[in-house]
Amino acid sequence: MRLVYLTTFTYPSSFANRLQVAKMAEAFSRACDFKLFVGHMNISREELIKTNSIRYPFTVESLRVRAGRFRLLRMVLQARPVIKQEQANTVFYVREPLFAFFLTLLSKRFRSSFYLEAHSFVRYPRFVYGRVFLLARGIIATSEKKAVIFREKFNVPAKKVLVRGNGFDADMVCAMPEREEARRILGIPTGKRVVVMVGKPTDERGIDAFLEAASLLPDVVFISVGGLPQEIQRIREYRGFSSVKFVERVAPAEVASYYAAADSIAVLLSTKFPEIAKFASPLKAREALATGVPVVFSDVPALHDIAGEDLVTFVKPNDAQALADGIKIIFDTGESSAKKAKKAKELFLKQSWYNRAEDIVKFMESGYAHSQ
């Protein structure tokens, strides 16, 4: 099967969804005949591969549509000839509903042969989702809750929906150094407890609770990995800021050392952002669970969809004291927490980007064969 992934995204970028596309492109390229088209690249293909820690290079081209007025329309017009020149058996893949909506209006070829990876259903008017869901050959939902919404609110047939959460870089996890070596590399004292949170330090990711919890546990090293200088600067006045060591965005492969150095990993979501707390599929959640390090989750529906109490320690969201107490529980129940982490690793190592891509390709091949 020939698969072409179309996105309006620009590279480089610090946004997690750009990394998600790059990792899925890498995985798809190993599972089928594949090509990625992005909106614009301000870097070379080689640099894109390097900055996203891609181990299996894939074919990628830019549609060369820069930022400016009517960019989405210009993207659609640039994508039309790309779609038209593809061979007859090509299947198209998109994750942006509005982009897909306009492509269905202006490209008969796309309209008859595309799949949608659906991450949301409220950002645009209902008719946008209704048309795209109706015309898509299949829909990949990132959680069961979203799949239920698609079926009940938009009348999407169950057989048309595949539920697959985001994956993670299994090669990166398998290459994690030993804890002592990781701490030596990173300059972290070996005699200290360490808590790590990976990802942008944003409010929706509960950075305020993480910072304040650090101030409540002064003998523990708290490390936030990710984010741009301006994003870190924005939270400088938050309580507990000085208690956390901030590491600006690093290459995905380098994250392995921070995971390896940790005694616990925090994956947090804030209930101040209800849709995220209920429907998000955080990239770092499955990655953290696959490391074999004890994980603490915010007690929100989106994270319960990923793992249960037999695998992680849940804490009240938006509550620094609850987070500090949860971390202390992990430290005080070392053997029990280690067993949870080991069980999580055994389960989640089977949910990599490549495993996800294989399942999606099988789903698409089945649907394609049925339509012929």
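## Close-ups of a predicted model

View 1. Helix 4 is the top contributor to the nonpolar patch, with 3 residues. Helices here (H or I, at least four residues) and strands (E, at least two) are DSSP runs, numbered from the N terminus. The patch covers about 540 Å² and is made by Phe70, Leu73, Leu77, Phe102, Leu105 and Leu106. To count for a patch, a residue needs over 30% relative accessible area and no salt bridge; like charges are joined within 9 Å, and nonpolar side chains (Val, Leu, Ile, Met, Phe, Trp, Tyr) within 5 Å. Areas come from the Shrake-Rupley method with a 1.4 Å probe, and for residues only the protein chains shown count as cover. Helix 3 (71–85) and helix 4 (97–106) each bring at least two residues to the patch. Phe102 sits in helix 4 and is partly exposed, at 31% relative accessible area. Here buried means under 20% relative accessible area, exposed means over 50%, and partly exposed is in between (1.4 Å probe, protein chains only).

**A note on reading these views.** This is a predicted model, where local features need pLDDT of at least 70 and side-chain atom pairs count only at pLDDT 80 or more, while totals for chains, interfaces and linings use all residues. Residues are numbered from 1 along each chain as its sequence is written, and side-chain values use heavy atoms, with hydrogens and water left out.

**View 2. The largest nonpolar core.** Let's go inside: this core has 43 residues, and Leu289, Phe297 and Leu303 have the most contacts within it. Helix 12 (residues 255–261) gives the most to this core, 6 residues. A nonpolar core is a set of buried Ala, Val, Leu, Ile, Met, Phe, Trp, Tyr and Cys residues joined through side-chain atoms within 4.5 Å. Beyond four places away in sequence, Leu289 touches Val295, Phe297, Ile306, Ala307, Val312, Ala341, Ala344, Lys345 and Phe348; contact means heavy atoms within 4.5 Å. There's also a second, separate core of 34 residues, with Val128, Ala136, Ala141 and Val161 among them. In soluble globular proteins, nonpolar side chains tend to be buried together.

**View 3. Threonine 90, tucked away.** Thr90 belongs to strand 6 (residues 90–94). It counts as buried because its relative accessibility is 1%. Its side chain makes a polar contact with the side chain of Glu86, at 3.1 Å. A polar contact is a pair of N or O atoms within 3.5 Å; within protein, one must be able to donate a hydrogen and the other to accept it, and residues adjacent in sequence count only if both atoms are side-chain atoms. Setting aside neighbours within four places in sequence, Thr90 is in contact with Arg2, Val4, Arg109 and Ser113.

View 4. Lys145 pairs with Asp305 in a salt bridge, their closest N and O atoms 2.8 Å apart. Lys145 lies in helix 7 (residues 144–154) and Asp305 in the loop between helix 15 (301–304) and strand 15 (313–315), 160 residues apart. A salt bridge is a side-chain nitrogen of Lys or Arg within 4 Å of a carboxyl oxygen of Asp or Glu. The structure holds 22 of them.

**View 5. A salt bridge within one helix.** Asp325 and Lys328 meet in a salt bridge (3.7 Å, N to O). They're 3 residues apart in helix 16 (residues 320–332), so about one helical turn separates them.
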